[in-house]
Amino acid sequence: MKKVFLTLSIISVLVLSSCKEKASSKIEASNVEVAAERDAAAKSLPVMEFDKTEHDFGSIDQNAPQETIFTFTNTGDAPLIITDAKSSCGCTIPEYPKNTPIAPGEKGELLVKFNGSGQNQVTKNITVTANTSKGTETLTIKAFVTPKGAGPVGPVK
């Protein structure tokens, strides 16, 4: 038992004393510069600012198609890329510049088409996914849908 303990002690002393190289001597300056540039670029993010985040179509007839455009500006430091835009139902279809870089300072448009389905007050949300710090933006459309064949609202004489 003493021989095993003595052998392990000698091996551990040899291993610990053989690691005399300093880790800092293995660092290359060019790699440090590249890493610093990469880290600085990672901190630069696009910012998506909309001119409006909600649109009210007002009172519309049932099944009467409607469209609106949401204009946005990239106010950030890096190219903005929209990867997805989904609505809360199939009656609303967003059209957008998918995977197209929008440079800082440039504007873009997101067209939203609503088929006019539903009745009474209707509210639909569009979720826009992009490479911003928030990751998603939410847009809203509203309308009061009057059913087809409905007469005027109020008391009947």
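## Exercises on a predicted model

Asn120 is partly exposed, because its relative accessible area is 43%, and partly exposed covers the range between buried (under 20%) and exposed (over 50%), with a 1.4 Å probe and protein chains only. The model is predicted, so local features need pLDDT of at least 70 and side-chain atom pairs pLDDT 80 or more, while totals for chains, interfaces and linings use all residues. Residues are numbered from 1 along each chain as its sequence is written, and side-chain values use heavy atoms, without hydrogens and water.

**Exercise A.** Describe the backbone at Asn120 and at Asn99.

*Solution.* Start with Asn120, which lies in strand S7; strands (E, at least two residues) and helices (H or I, at least four) are DSSP runs numbered from the N terminus. Its phi is positive, about 65 degrees, although Asn120 is not a glycine. Now turn to Asn99, in the loop between strand S5 (92–95) and S6. Here phi is near 55 degrees, again a positive value in a residue other than glycine. Asn99 counts as partly exposed because its relative accessibility is 45%.

*Solution.* Count them: the protein has two helices and eight strands. For the contacts (heavy atoms within 4.5 Å), take pairs at least 6 apart in sequence: 64% of them join residues at least 24 apart. Finally, buried residues make up 27% of the 157 residues.

**Exercise C.** Which residues have the most contacts inside the largest nonpolar core?

*Solution.* Begin with the meaning: such a core is a set of buried Ala, Val, Leu, Ile, Met, Phe, Trp, Tyr and Cys residues joined through side-chain atoms within 4.5 Å. The largest one has 23 residues, and Met48, Phe72, Leu110, Phe114 and Val128 have the most contacts inside it. Next, see where the core comes from: S1 (48–50), S2 (54–61), S3 (66–74), S4 (82–87), S6 (107–114), S7 (120–130) and S8 (136–146) each supply at least two residues. Zoom in on Leu110: beyond its neighbours within four places in sequence, its contacts include Phe72, Ala85, Tyr96, Val128 and Leu139. As background, nonpolar side chains in soluble globular proteins tend to be buried together.

**Exercise D.** How are the rings of Phe57 and Phe114 arranged?

*Solution.* The structure holds two aromatic pairs, meaning rings of Phe, Tyr or Trp (its six-membered ring) with centres within 6.5 Å; planes under 30 degrees apart are stacked, over 60 edge-to-face and the rest tilted. For Phe57 and Phe114, the centres are 6.3 Å apart and the planes at 15 degrees, so this pair is stacked. It links distant parts of the chain, with Phe57 in S2 and Phe114 in S6, 57 residues apart. Both residues are buried.

*Solution.* Take Thr132, in the loop between S7 and S8. It counts as buried because its relative accessibility is 12%. Then take Thr140, in S8, which is buried with a relative accessible area of 13%.
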